[in-house]
Amino acid sequence: MCDVPAGSMSSNGTRESEQAAGQIMTADGRDGHVVDLRLALSAHAPGEARDRAGSWLDAVGAHPDLQRDVLIAVSELVTNAVTHAASAPHVLLTADGRHLRVEVRDDSADPPIRREGTSAGGFGVRLVGELAVRWGWTPIAGGGKAVWAEFDTDRTRTARGDAADGAQ
């Protein structure tokens, strides 16, 4: 995986942001199954995460409906990390053939809040919960949390919607 902090140089002399934009790497170096993105604390982070996730989803052959759902989850979770946790998001995307997992880490230990939403926003966690088959969060040792959402690659939108009711 690309574990180089944002802005630093990798072993091949490229900046991490250049390397991550052009490479999708697994832990053993094969292309395709894992993406590790360390983004800046910026209003541009959700768009950058969507762009990179979209390229990865194309590379792993995800169905267009699944891609749409995953990209919404990526956008919402990264936006929450930037907006509510005031953190530079760390995004992990994994695929194992049956599931796609989106995980966004931030520096806040506060749990995500599933709100009713208003005209000012607040729909993110609820929307992720409705699109994903499973979602949750995990505290990270040393501080922060990981908020994650899982998607089954073999389910249709209708089946996912039915299964997602109360599945968390």
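This is a predicted model: local features need pLDDT of at least 70, side-chain atom pairs count only at pLDDT 80 or more; totals for chains, interfaces and linings use all residues.
Let's start with the overall layout. The protein chain has five helices and five strands, where helices (H or I, at least four residues) and strands (E, at least two) are DSSP runs numbered from the N terminus. Along the sequence they follow the pattern α-β-α-α-β-β-α-β-β-α. Of the 168 residues, 42% count as buried; buried means under 20% relative accessible area, exposed over 50%, and partly exposed in between, with a 1.4 Å probe and protein chains only. The accessible surface comes to about 8600 Å², and 51% of it belongs to carbon and sulfur atoms; these areas come from the Shrake-Rupley method with a 1.4 Å probe, and for residues only the protein chains shown count as cover. Among contacts with a separation of 6 or more, 56% are between residues 24 or more positions apart, a contact being heavy atoms within 4.5 Å.

Now step inside. The largest nonpolar core has 31 residues, and those with the most contacts inside it are Val70, Val74, Val78, Leu93, Leu100, Val102 and Phe151. Two or more residues each come from β1 (34–38), α2 (45–59), α3 (64–83), β2 (90–95), β3 (99–106), α4 (124–131) and β5 (145–152). Helix α3 gives the most, with eight residues. Such a core is a set of buried Ala, Val, Leu, Ile, Met, Phe, Trp, Tyr and Cys residues joined through side-chain atoms within 4.5 Å.

Leaving aside neighbours within four places in sequence, alanine 45 is in contact with Leu39, Ala40, Val78, Val82 and Pro89. Aspartate 51, by contrast, counts as exposed because its relative accessibility is 58%. Its C-alpha lies 8.8 Å from that of leucine 71, 20 residues apart in sequence.

Next comes helix α3, where asparagine 80 lies. Asparagine 80 counts as buried, since its relative accessibility is 19%, and its contacts beyond four places in sequence are Ala85 and Val125. In the loop between α3 and β2 sits alanine 86, which has a positive phi of about 45 degrees although it is not a glycine. Most residues other than glycine have a negative phi. Alanine 86 counts as exposed, because its relative accessibility is 51%.

Finally, look for the second largest pocket, with about 150 Å³ of space. Of its twelve lining residues, Arg38, Ala88, Pro89, His90 and Asp107 are the closest to its centre. Pro89 is also one of the contacts of alanine 45.

Conventions: Residues are numbered from 1 along each chain as its sequence is written. Side-chain values use heavy atoms; hydrogens and water are left out. On a 1 Å grid over the protein atoms alone, a cavity is a set of points where a 1.4 Å probe fits but cannot get out, and a pocket is an open set with protein on both sides within 12 Å along at least five of seven lines; lining residues have an atom within 4 Å of a point. Grid points are joined across faces, edges and corners, and a volume is the space filled by probe spheres set on the points.
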